[in-house]
Amino acid sequence: MTREAEHLDARSSSVSSGLGVRVEDLTWRPFGRSRPVLDGLDLTLEPGERVLLAGPSGSGKSTLLRGLAGLLLTADAGDLSGTVTVGGHAPQEVPGSVGLVLQDPGAGTVASSIGRDVAFGLENVVLPRDGMPSRVTAALREVGLTMSPASAPSTLSGGESQRLALAGALVMEPAVLLLDEPTAMLDADTAADVRGVVADVVERRGLTLVVVEHRLDGWLDLVDRLVVLDAAGSVVADGKPRAVLATHGKSLAAQGIWVPGVPDPEPLPLDLEPSPQAAAGRVPEGRVVAAASDVRVEHRSRRLGERSRTTLAVDGADLEVLAGRSVALVGPSGAGKSSLMAALGGLVEPSRGSVDVALPLTPAETGDRAAARDRLVPPHEWSSLDLARVVAWVPQRAATAIVGRTVRDDVLTTSLALGQDPGAAGRRADALLTALGLAHLAQADPRQLSGGEQRRLAMASAVAHGPALVLADEPTVGQDRLTWAAVSGVLAAARDEGAAVVVTTHDPGVVDDADRVIRLEAPTPPPPDPEPERHPLLARAGPLALLGAALCVLPLPALLETWRQGLAVLVVEVVLGLVGLLAPGRGRAPEGRLRGVLARLAPAALAVVGVAWSAWLLGGRDLEVAAGAALRVLCLLVPSAFVVGFIDPEGLGDHLAQRLRLPARPVVAATAALQRLQSFDTLWGELMTTRRVRGIRADRGALARGREAVVVTGGLLVGALGQASALALAMDARGFAEARRRTWAGPAPWRLPDTLALGAGLLVVAAAVAARLTLP
């Protein structure tokens, strides 16, 4: 029997019920850590058992889930020993037998449509294409996703993203289902819906279930076993949930575990040393610090090979926040809480409405003229230093808030940028780090912190300089009882200093502590345009043909000798490109076609100028030599600028694998990389927003902006590596690690437009040959 046959046989025996899991002496120490996260852990799960895994922050719960899935070495390096078996096999030996849903479901999205994303696992277990649609439809229906399979994952709310991740795991018919905090960032109703879906699926299929959650209530009635880890990653309690809580409830609560029935902790009292240069307290208590009126916020996005999308996040919202008061924004996932907060703080420009934020003057700033000038400028146009002095921001993705080399440097960044006294700023930073349990990490690299630690660091960095407006987006997510009390204490301390505090949250404890609660509902989306948008001619060709057309021009530098020849070929390329942008037929004309081409050519202008300058210097300062060199570079770049916006990475992968028969693994890896590459503009925007609100954005000066671009590019690469690690984990969790061959959910047809596109590329080469023969 072949290995694949053995896998299929093992899968067929696991579909109808769960499998047992055995962990023996599992030890895992990531490189760079002096102590293991898991140390000699033993655990046995019976087939069909439903287990709730709990423990304080940093106890290794998520690490254990990755160990159960056999994925500890997928995205990390370290020392691993011990064994994990699922039904007698290594976890990844039978692809699809273990389903893992990550803490951040969006990080594991591998495709540009929800249907294709769910089908990814089926491709890895070599299911024939004609068998995929029914399985995908059934999985989406099972988790309650009713939209079209062609819908983009980026349009889903938080709860819908969790359901999509669950569908991607369930479609492979796993025997063991692992869920990492599946309801941590969801509102109560959506969280209950997700728990209901999980309970229903697990009951009907008889799956073995392991759920990691900080808050135990809601899950206790759905599981039959509670396993608790301590801070060292050892099992300290194990048994029937009610029995464990009755025996160990108080001690577990003291360790930071959210034990049902134990009252929420009080915010940690925190007496911060006031800064005489801080903006907090300069607006009299109870007076307006920021106000938004009839605000509308829209988010525009465009992916390669697709038309641009506009998502309505906030419509007609009003919000007023007062000094020394706190406001909690609540509502279902997708209600626009984060978007309204960003507009209120001047982090994004509203598409309609007005936002006014007080800009308190320091003692050095006097005169009615300065005050009048500042009141006339909307906050999204403020300079980085002005914004940082007044506004602080704790983003949902805390990793994007990191700007310092060490943890302590990060906390001090804004205070020092604003010129505050270094001694006082240092004492205030140390007090915050101590309160938030980060003092022992003061000299550590902040990028190596856990997610919960990074979120607490972002909180410390936000309030260290005493801002007048604190914006905290889900600040208590992923915190245990002890760290929750610390985060809540920091928010209370900022409010007591005179700051206006705005939080978005699903946390009832945070809501109870707020002075005012505002509930938002998702805006009604505008009706779809009844007239469909026409497709440009280039969009009607397949990705492989477009790629081939762009690559046809590679011989041009060897063929073109003079600037006249280069100019002639460039004219041919531009004419062909403009023809490709035409969109004949019925419907609405597409927008931004030529603008997109020019935007893609803009960065290339530097390369063209650099080549021309070098050729001019080295060619005896001959303008014809310089022009010829510049035109050769342009002839290489112009075709790509026209076609790259119409190349769908997913479709390109289908064509490369099925048409050219390239190996599946590098094709999937390249396709996934291209998909992630398209998120770089979003990540770049988040990093630049962080620098702006931290007071270190280069507002003027070409040299300063150039240095900043280098720094942000480094941060972008670090962020990209983090995204790549999460993506690799998600892909391997769905069988990609062991997929030696695979099937493809998408077809790879070759049509007449493909032939014409490739012919256009060859026509450019023919034009170059003709120009060389006829032009001097």
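View 1. Contact here means heavy atoms within 4.5 Å; axes are lines fitted to C-alpha atoms, for helices over the stretch in contact, with angles from 0 to 180 degrees between N-to-C directions. Helices (H or I, at least four residues) and strands (E, at least two) are DSSP runs numbered from the N terminus. Please keep in mind that this is a predicted model, in which local features need pLDDT of at least 70, side-chain atom pairs count only at pLDDT 80 or more, and totals for chains, interfaces and linings use all residues. Residues are numbered from 1 along each chain as its sequence is written, and side-chain values use heavy atoms, leaving out hydrogens and water.

View 2. Parallel strands β3 (residues 50–54) and β7 (residues 208–212) are joined by four bridges, and L52 stands opposite V211 in β7.

**View 3. L166, L177 and L179 touch the most other members of the largest nonpolar core.** This core has 48 residues; such a core is a set of buried Ala, Val, Leu, Ile, Met, Phe, Trp, Tyr and Cys residues joined through side-chain atoms within 4.5 Å, where buried means under 20% relative accessible area (1.4 Å probe, protein chains only). Helix α6 (residues 188–205) gives the largest share, six residues. Leaving aside neighbours within four places in sequence, L166 is in contact with V101, V143, L177, L179, V197 and V198.

**View 4. A second open sheet has five strands in the order β14-β15-β16-β12-β17.** Its pairing is parallel, and the edge strands β14 (391–394) and β17 (516–519) each pair on one side only. Five bridges join β15 (residues 469–473) to β16 (residues 500–504), with V502 as the bridge partner of L471. Helix α13 (residues 451–463) lies across β14 and β15, at about 180° to β14.

**View 5. Helix α25 packs against three other helices.** Its buried residues include D754, G761 and A771, and the buried residues pack against α16 (543–551), α17 (556–559) and α18 (563–581).

Conventions
Two strands pair if DSSP finds at least two bridges between them. Buried means under 20% relative accessible area, exposed over 50%, partly exposed in between (1.4 Å probe, protein chains only).
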